Amino acid sequence: MSVAISISNPILLEAKRQFFEEDGKLNVQLLDQVVTLMNQASGEDQRQANTILVELKENPNSWTKVDAILEFSSLPETKYFALQILESVIQTKWKALPVVQRDGIKGFIVQFILKLSETNETAQRNHLLLHKLNLVLVQIVKQDWPKNWPSFISDIVAASKTSDSVCINNMNILRLLSEEVFDFGSQNLTQAKEQHLKTQFCGQFQEVFQLCMTILEKCPAPSMVEATLKTLHRFLSWIPVGYVFETNITQLLSENFLSLEMFRVVTLQCLTEVALINVANTNDYNDKLRLMFCATMKEISQLIPPDADIPTAYKSGSDNDQKFISCLAQFLVAFLKEHANLVEPVERENADLTEYHSYAVETLLNISRVDEVEVFKICLDYWNWLTSELYRLSPFPPPSLIFSQMGGMKDLPRRKLYRIHLSNLRNIMISRMAKPEEVLVVENDQGEVVRELVKDTDSITLYRNMRETLVYLTHLDNKDTELKMTEKLQTQVSGNEFSWKNLNTLCWAVGSISGTMTEEDEKRFLVLVIRDLLGLCEQKRGKDNKAVIASNIMYVVGQYPRFLRAHWKFLKTVINKLFEFMHETHEGVQDMACDTFIKIAMKCKRHFVILQLGETQPFVDDMLENLSGIICDLTPPQVHVFYEAMGHIINAQTDSSLQDPLIEKLMRLPNTVWDEIVQHAGSNVDVLKEPEALRSVLNILKTNVAACKSIGMAFVAQLSKIYQDTLSMYKILSENVSSAVADNGEDILKNPVIKLMRGVKREILILLSTWVAQSDDPKGVLEDFVPPLFDAVLFDYQKNVAAAREPKVLSLLSIIVCQLHELISSEVPRILTAVFECTLNMINKDLEAFPEHRTNFFALLLSLSQECFPVFLAMPSEQLQYIIDAVVWAFQHSMRNVAEIGLDILKDMLAKVAILPEEQSQTFYKEFYMQILQHVLAVVADSSQVQVAGLTYYAEVLCALFRAAEFSIKISLNDQNPQQSNIDFIYMQISTIFMQHFTNLTQDQIRVTIKGFFSFNTDVTQMRNHLRDFLVQIKEFNGEDTSDLFLEEREQEIQAAQAKKRQVPGMINPNELNDEEEMK
């Protein structure tokens, strides 16, 4: 091998010469120097050093130098590098090495580990290197145990008795092995091997468990106990339950180690794993769990008294203290959720149990006050579960109890048990309520009130969980919830606890319980809240204070549409108040007003278009008459939100004779400006080159899009007025862009005016897409809408330079195809002529350029396949070949969405072909089946590529392909030997390809793999697992002994799957049945 770079550094030159041109011993000192350059140098020297190390690592013989490197190198980094080389060989070529070499490597690694773990000092000094050695040993164990190293468990247990430091390291090895087999086994082991190792570990666990118990009972050294507890923590999730509940391990854990600081965290982690074990309803096991809970709570109560201030302790505590509180929360949540019936003193009288259960719930409440969101999320998981459980005991309390003081709780013992706890929880939930996504005015880190620009998804998820919990809490006792909220509101009004944070959380909580009370209670409560908030707004001085209060008022009223619908005067007052806020220039208030308006418009739209009692006309007419006055201070994006809201209201008017005038009034303002610009452009087309005119047009189009989005099909009344002018403008702007590119080259596309022109074109396409997507008159669209559109758009797309083509053209075409279904079939050839070849030429040079065109192009092909597949079939063979090639190109992409669309097209095609008449389907199979299969298998066999769309996608496609081969394809695929069955032919073809490409696979592996493809073709889950096994196997070289591949077992599974499939009536081709089978 040679390094393909020019090297100037003398150390690197010498390394290149010695490492790659001489066949002598490796110069370890020189390697140390190269590694040092790699870690400490920069620029070209570092890059060249990295290249040399990569090539050395890839050298097939480099692993033979690992022992020398480990023995003579003075750098830990170099030794680590050597172990990486060895680990790679073990993972991929171990079985192909001679037994003598394997035993030599194994012995060397074991001795090296024993040497480094001989004393605590050497183990500490070399802890990173020792950890890597342990990982390498675990890789060997996965390959050799149990067949070639049956005594591994006995060996490691025996070695653990020689010294404390060796025992500690062996515990680490066992923990790593447990993780590799039980946590990560599915990533790098075949199903059979993974199951076999799990069974083996469970079968030989007695010795390991005995060692752990001895250490925990005798406590020889703190570090050894800690290592044992950490290893036990990994074991507890999978060991047979008898080891947990038929020994004294739960007693040891709950009574002996919680009082000692260094063991607290890991002990709680172990106890949490025990709490999560799913045990049958066995009294002995239940007693053990109950005793473990009581003992644990007794120990914890000595560490954390009932009156302890946990939030303060957490804030001032060390990292270990904080981790302890977090782990305690995890234990309490796990135990109280999984085993509530064992410790709730509802049906049994037990003073200790009552005390410990109450202490556990109160402690969890205290932890819920900790000012750390991740800790709170742990607690919230339990509160959400508990309140849901208690609500479901009696979801709808009898009418006689609805207005009782306890809201239907008092007769249910379990609810009574938690009554006081839940009252405390309400305070916590209200004071900690998370921010909902609707609120845009927030306090930033600098204490300033600003508009929220980024929606925090974590915060939204937290809000939804808290909202759900607070809804349950309100159903359980609405009076208490109302009391807590009104008390907190009074502290805001009085000023005792006024702060933006407190007011925000309170109002978010108030808004979150909409719909939980009776209408009468909700009315009384909401009127009180709004009155106090309006009073607070009048009382407080300063624009920032008023902005926060206004934001909260808008949020609260927007959350109660039921109340607004029932009280027209209040609704009208709220809307007028929102219109006032639309003139408030403080940052974020206008946004909030517009967002609240659209939310109310969507929920109460009908009430604006009917004549309300005491009114002279529907309120929508009032709004439209005062339109310019309402929106005069809004920014263009805010105007678009307003127009969308008005569109929802107008959509509620179903009488077209009344609806069309409303649309005309709504669009009068933008239409006036539009008509002026069109008129000027008619006399002087250069108007459409002026930035101001282009910005106005863009804004008008966005306004139309906003209204169209919510008005829907009825927007045709407006669209028909501007449609021809819109298309004319599209053509003019297209010509302007094209001539600019012709005169100045593609760089002109970066010019601001050209960008504006393209922006207008794009918005025109968005407007047309928005309307077509909501149209319910496909025939009308085809006859009146499509012809002028295609004249304007398709020719422009085809003739334009690649960089100037609008990707929205492709998405508009997709929408038209989806809406018009087979009616558009006659236009498909025209569509493909205009966009297929020119777009493909843009995207077939690489896998990344023009990402939006790429995605939209394949989405268009998917639409055509789903809606107009007969058009594809009617194409000449060479044209259909181009379509197939494009689909193959799609699923070969590394862009996930493109690869998924490609596979969706292929699945759709295969499903449609399978139900075609034979004269059509067999022609398709004959032409395209084998090439599609080979391309799919090529991607499937690439472990990096197959992960792009995921194994399930490819499993579905493989099921469809191999199902077709078994049940649908009647025509011979083998031209040379038509007598050969298709299944045999496909088997031979795949077998030949696999043998050529995967020289590491044996014939037996290939045979079992291909048979599995056929046998699992009706079960996607089994096909996915089979595919995963295949991907694991193609990474490894095997020697003569292939017993650990468990091919016989796998073959039996495959035969069983095939037999099960054949039992389905009609699954077997009648021609394959013999007379005896037919008689049965």
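Helix 27 (residues 478–494) packs against helix 29 (residues 519–539) at an angle of about 10°, their axes being 10 Å apart; axes are lines fitted to C-alpha atoms over the stretch in contact, and angles run from 0 to 180 degrees between N-to-C directions. Helices here are DSSP runs of H or I with at least four residues, numbered from the N terminus. The two are therefore roughly parallel, a label for angles under 35 degrees. Contact (heavy atoms within 4.5 Å) involves residues including M485 and L489 of helix 27 and F525 and L528 of helix 29.

This is a predicted model, in which local features need pLDDT of at least 70, side-chain atom pairs count only at pLDDT 80 or more, and totals for chains, interfaces and linings use all residues. Residues are numbered from 1 along each chain as its sequence is written, and side-chain values use heavy atoms, leaving out hydrogens and water.

Let's turn to the aromatic rings. The whole structure holds 43 aromatic pairs, meaning Phe, Tyr or Trp rings (for Trp, the six-membered one) with centres within 6.5 Å; planes under 30 degrees apart are stacked, over 60 edge-to-face, and the rest tilted. F597 and F642 are stacked, because their planes lie at 25°, with ring centres 5.0 Å apart. F597 sits in helix 33 and F642 in helix 36, 45 residues apart. F597 is buried at 0% relative accessibility (buried is under 20% relative accessible area, exposed over 50%, partly exposed in between, with a 1.4 Å probe and protein chains only). F642 is likewise buried, at 0%.

Definitions and conventions. Angles under 35 degrees count as roughly parallel, over 145 as roughly antiparallel, 65 to 115 as roughly perpendicular and the rest as oblique.
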